[in-house]
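Work through the exercises below with the structure at hand. Each task is followed by a stepwise solution.

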Amino acid sequence: MAEMGSKGVTAGKIASNVQKKLTRAQEKVLQKLGKADETKDEQFEQCVQNFNKQLTEGTRLQKDLRTYLASVKAMHEASKKLNECLQEVYEPDWPGRDEANKIAENNDLLWMDYHQKLVDQALLTMDTYLGQFPDIKSRIAKRGRKLVDYDSARHHYESLQTAKKKDEAKIAKAEEELIKAQKVFEEMNVDLQEELPSLWNSRVGFYVNTFQSIAGLEENFHKEMSKLNQNLNDVLVSLEKQHGSNTFMVKAQPSDNAPAKGNKSPSPPPDGSPAATPEIRVNHEPEPASGASPGATIPKSPSQSSLPAVVVETFAATVNGAVEGSSATGRLDLPPGFMFKVQAQHDYTATDTDELQLKAGDVVLVIPFQNPEEQDEGWLMGVKESDWNQHKELEKCRGVFPENFTERVQ
């Protein structure tokens with residue numbers, strides 16, 4: 001019997017809910033057709049609009065924050081692999097091996113700590129903030145249904161009162177249903193009228209706290225990472241000093257595909273690659289001036305190889321009685337239009353008949369193009385000093401070369 005009673009109650013409740021849905025649907029149709037008035041609350045509707053906007057913004061922030069965390073995780077993995085590579089290539093007899101390994105361990109720990117703090121202080125807070133929206137959204141929807149019930153009960157009561165044949169019993173029951181529907185609606189309405197503005201105003205403090213946390217964590221992370229990077233730099237500087245004589249020289253290689261004539265674009269030397277250090281020597285021996293002994297040479301000191309080429313050449317010319325660029329007797333003649341000198345810092349293999357073939361250390365006398373319009377960006381016209389001294393013929397010796405393979409010395 002109890003089971004049957006329970007089933008009867010359940011069946012009755014289902015029937016009641018079905019009837020409510022039919023009544024609401026009918027009421028909405030009448031309202032849309034303009035045959036029934038609808039209770040409006042513009043202030044509440046504005047609160048709902050603000051709520052939906054706040055929910056959209058919060059959802060987007062949560063999504064972008066998760067993307068940010070995924071990027072931090074990816075950077076952590078990339079940094080870890082880079083440090084593992086350094087550990088593998090760092091040979092056992094090199095100084096600073098233990099220090100480099102310790103720095104790599106601290107680097108890994110710092111990334112892990114940064115990611116975890118972002119999760120705890122930003123993402124979890126974000127999740128908690130958004131966790132309150134589903135319940136409120138559900139209550140807003142329920143309020144809307146109760147408002148339709150209230151309007152429907154009101155219209156039913158009004159129709160019975162205006163009927164030609166009044167049934168007092170039906171009117172009394174309709175009034176009772178109206179009072180009940182109004183009470184349910186107003187209770188929900190009052191609560192939401194208080195909560196929604198408060199929730200809307202809370203967004204400012206939440207956004208401030210969230211982005212302050214992210215900014216503070218990122219600032220501290222970069223400070224600590226900067227210290228580790230400086231320590232690693234010091235270790236590598238120490239290694240370089242002790243193995244400086246074994247520095248690997250990177251020489252630029254020409255492109256496989258030769259650039260079209262009139263549109264040259266050489267592949268530049270890699271950024272940061274050490275320039276080739278040619279043997280410094282005096283490339284010409286001017287005739288001695290009066291009072292100077294023939295064939296005077298410069299005493300070569302141990303530190304001479306570290307001096308810039310222009311200093312050595314100027315000093316050599318002075319010893320021999322003729323400073324280059326002066327009008328002293330015995331000065332080498334320069335090609336017409338000579339502008340300045342450059343010295344090749346890298347080998348350059350000519351890829352066309354109008355280009356100069358350069359070796360690191362070659363000195364080139366730069367001259368203007370016969371037709372300035374033919375000069376491509378990044379290219380100069382010149383003649384190698386050794387060729388000019390030997391032939392004195394521009395037509396045979398001159399050619400173009402990439403400026404970024406050279407360095408100006410005069």
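H4 and H5 are roughly antiparallel to each other, an angle class that covers values over 145 degrees. The model is predicted, so local features need pLDDT of at least 70 and side-chain atom pairs pLDDT 80 or more, while totals for chains, interfaces and linings use all residues. Residues are numbered from 1 along each chain as its sequence is written, and side-chain values use heavy atoms, without hydrogens and water.

**Exercise 1.** Derive the relative direction of H4 and H5 from their axes.

Step 1. Two packed helices are described by the angle and the distance between their axes.

Step 2. The axis of H4 (residues 133-161) comes within 8 Å of that of H5 (residues 168-242), and the two cross at roughly 150°. Axes are lines fitted to C-alpha atoms over the stretch in contact, with angles from 0 to 180 degrees between N-to-C directions.

Step 3. The helices are therefore roughly antiparallel.

Step 4. By class, 18 nonpolar, four polar and eleven charged residues make up the contact of H4 with H5.

**Exercise 2.** Which strands pair with E1, and is E1 covered or open?

Step 1. E1 (residues 340-344) runs antiparallel to E2 (residues 363-367), joined by four bridges; pairing requires at least two DSSP bridges. Lysine 341 has leucine 365 as its bridge partner in E2.

Step 2. Three bridges link E1 with E5 (residues 406-408), also antiparallel. Here glutamine 343 is partnered by glutamate 407.

Step 3. E1 is mostly covered, with five of its five residues buried (under 20% relative accessible area, 1.4 Å probe, protein chains only). Phe340, Val342 and Ala344 lie on one side, Lys341 and Gln343 on the other.

Key:
Buried < 20%, exposed > 50% of the residue type's maximum accessible area, 1.4 Å probe, protein only. Parallel < 35°, antiparallel > 145°, perpendicular 65-115°, else oblique. Nonpolar A, V, L, I, M, F, W, Y, C, P; charged D, E, K, R; others polar.
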